[in-house]
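Hi,

Here's the structure I promised to pass on. Have a look at it first, and then read on for what turned up.

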Amino acid sequence: MRFSRRPSSRPYWITRPCDLGLAGQLWTRAGVGDLIAKLYRVRLTEQGVGKYLRRWGLSFRRPDKRAVKQDAEAVRVWRDTPVVRRTGNRFSVNAMSTISTKGRMHFMVFTETFDADVMCRFLDRLAGHSTHKVHLVLDGHSAHRSRKVRDWLADHPDRIELHFLPSYSPDLNPDELVNADLERSLPMHSQARNQAQLAAEARRFFHRRQRQPVA
């Protein structure tokens with residue numbers, strides 16, 4: 001803070017109250033009042049001092065507490081140094097699964113984009129795991145309704161039949177709970193450094209869920 005004393009125009013640059021023979025290490029309204037009384041022989045109330053300080057654009061500041069022996073350079077290095085280094089490559093995998101009415105799970109983890117070819121491959125695998133016709137409930141994804149999938153179903157009428165959920169109704173699909181569990185659990189525990197490792201982690205996730213008892 002800077003104060004000037006009339007009639008002299010020479011400013012006083014003030015640091016701590018104790019440097020001017022006053023009590024305390026920090027400035028308070030009472031301390032400023034004591035300084036005014038010492039310099040000008042005028043005694044102001046603390047409220048009056050606060051009013052003048054606000055008028056002069058001076059406001060309260062909480063002191064920054066630091067240890068006396070703190071090494072400022074070491075603190076700067078500590079703040080600037082911690083860096084998590086990552087490669088610029090991003091990788092991901094996809095997965096699809098289905099759950100039977102008895103709680104049996106079938107899944108497939110793949111790296112390519114989900115399309116009609118992937119869906120037909122999943123239908124092949126699903127049909128191969130069952131000795132009777134499968135009634136598969138699923139959403140209206142474009143791959144599910146594609147021409148290639150329709151052709152596959154026409155060639156295997158006794159193996160699988162599709163039943164589509166109403167639009168925007170994930171709450172009717174219990175497999176959505178598995179998807180939510182995967183999206184929540186895998187990023188939390190994943191240590192994968194490449195796509196193959198991530199795919200392996202996804203498969204281990206599904207294998208664990210397969211072994212869980214049905215509630």
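Let's start at Val149: setting aside neighbours within four places in sequence, Val149 is in contact with Ala116, Met119, Cys120, Leu123, Ala143, His144 and Leu162. Do keep in mind that this is a predicted model.

Val149 also shows up in the largest nonpolar core, which has 19 residues. Along with Leu123 and Ile160, Val149 touches the most other members of that core. Which elements supply two or more residues to the core? They are β4 (105-110), α4 (116-128), β5 (134-138), α5 (147-155) and β6 (160-164). The top contributor is α4, which gives eight residues.

Now for the chain as a whole. You'll find seven helices and six strands in the protein chain. If you trace the sequence, the order is β-β-α-α-α-β-β-α-β-α-β-α-α.

How much of the protein chain counts as buried? Of its 215 residues, 28% do. The accessible surface of the chain is about 16,700 Å², and carbon and sulfur atoms account for 51% of that.

One last thing, on contacts across the sequence: taking those in the protein chain between residues at least 6 apart, 50% join residues at least 24 apart.

Cheers

Conventions. Residues numbered from 1 in each chain as written. Predicted model: local features only at pLDDT ≥ 70, side-chain atom pairs only at ≥ 80, totals over all residues. Heavy atoms only, no water. Core = buried A, V, L, I, M, F, W, Y, C linked by side-chain atoms within 4.5 Å. Buried < 20%, exposed > 50% of the residue type's maximum accessible area, 1.4 Å probe, protein only. Helix = DSSP H or I, 4+ residues; strand = E, 2+ residues; numbered from the N terminus. Contact = heavy atoms within 4.5 Å. Areas by Shrake-Rupley, 256 points an atom, 1.4 Å probe, with all protein chains shown as cover.
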